[in-house]
Amino acid sequence: MEYKYHGIVLGKRDIGEVDRIYTVYTREKGKIRVLGKGVRKPNAKLAGSLETITQGEFFVAKNRGLGKITGAIVTDNFGHIKQELMLLTNVFYVFRIIAQIISEEEEDGEAFSLLENYLAMLDNLGEKTELAEILTVGLLFKLMDRLGYCLEVNRCVHCEKKLVLEKNYLSISRGGMLCAGCCERETRKIAISNELIKLIRIFLKNKLENLVKVRIDSRDLQQLKIIIKEVVSWFSGEAFRI
Ligand SMILES: [Zn+2]
């Protein structure tokens, strides 16, 4: 059987003498692994269309086991991202998290669209590469939410009262905020500023496109990355290193 997928190449790994296994995030089938047979031979044409951070249509022959890539049509190779270290660093960070939180063959068109939008926006940032980080953390909060790792940021996860912006804590294991009155009930918790709570609310409520207007200082950005790391580690059951 031959299948056609719209996808984004997330990574690759050499196997054998001349082959590679590619990880592709597809609209139709979620994350898949496919074999690129002979792609490391000097005259192999397919390898150029299968570079990491490439979007395209991929043709896969599959009966049992791993599918084999038979053809690829590149629709976007994100040339600007590949020339800017700052953008590349952000994209690889996102890809590493996707590798950890998205299981194979779990189709989710909306999660795919989020990633597709994110890459297109990064590629079109021009000189404004400093906006990459806000888009990256925004995408990850939205992606985690979409995948079912929802963080409750409006109510206390213990008493369920509407959260008052005071001295609140985040409990990763309970999946959300603890109010000042309930924070003693949880030993593992992260103190979280009102500014961070507001930022997470903005990420969850707004489209990715609107996040370029959000201003964030580098300390808050680092705090958000720590929260992402904790959430990813908790939900995937494996430690994640930033
Ligand atoms: Zn409470």
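Ile134, Val137, Gly138, Phe141, Lys142 and Asp145 in helix H4 meet Ile200, Phe203 and Leu204 in helix H5, where contact means heavy atoms within 4.5 Å. By class, this contact of H4 with H5 has six nonpolar, one polar and two charged residues; Ala, Val, Leu, Ile, Met, Phe, Trp, Tyr, Cys and Pro count as nonpolar, Asp, Glu, Lys and Arg as charged, and the others, Gly among them, as polar. The model is a predicted one, in which local features need pLDDT of at least 70 and side-chain atom pairs count only at pLDDT 80 or more, while totals for chains, interfaces and linings use all residues. Residues are numbered from 1 along each chain as its sequence is written, and side-chain values use heavy atoms, with hydrogens and water left out. Helices (H or I, at least four residues) and strands (E, at least two) are DSSP runs, numbered from the N terminus.

Two packed helices are described by the angle between their axes and the distance between the axes. For H4 and H5 the angle is about 70 degrees and the axes lie 9 Å apart; axes are lines fitted to C-alpha atoms, for helices over the stretch in contact, and angles run from 0 to 180 degrees between N-to-C directions. H4 and H5 are therefore roughly perpendicular to each other (angles under 35 degrees count as roughly parallel, over 145 as roughly antiparallel, 65 to 115 as roughly perpendicular and the rest as oblique).

H4 (residues 132-146) also packs with H2 (residues 85-101), here at about 10 degrees and with axes 10 Å apart. H2 and H4 are therefore roughly parallel to each other. On the H2 side the contact includes Met86, Tyr93 and Ile97, and on the H4 side Thr136, Leu139 and Leu143 are among the residues involved. Twelve nonpolar, two polar and one charged residues make up this contact of H2 with H4.

Turning to H5 itself, this helix (residues 194-205) has twelve residues and reaches 17 Å from its first C-alpha to its last, close to the 16 Å expected at 1.5 Å a residue; the expected span is 1.5 Å times one less than the number of residues. Leu196, Ile197, Leu199, Ile200, Arg201 and Phe203 of H5 are buried (under 20% relative accessible area, with exposed over 50% and partly exposed in between, for a 1.4 Å probe and protein chains only). These buried residues pack against H4, strands E6 (168-171), E7 (176-178) and E8 (190-192), and helix H6 (218-236).

The loop between E7 and E8 holds Gly181, which counts as exposed at 64% relative accessibility.
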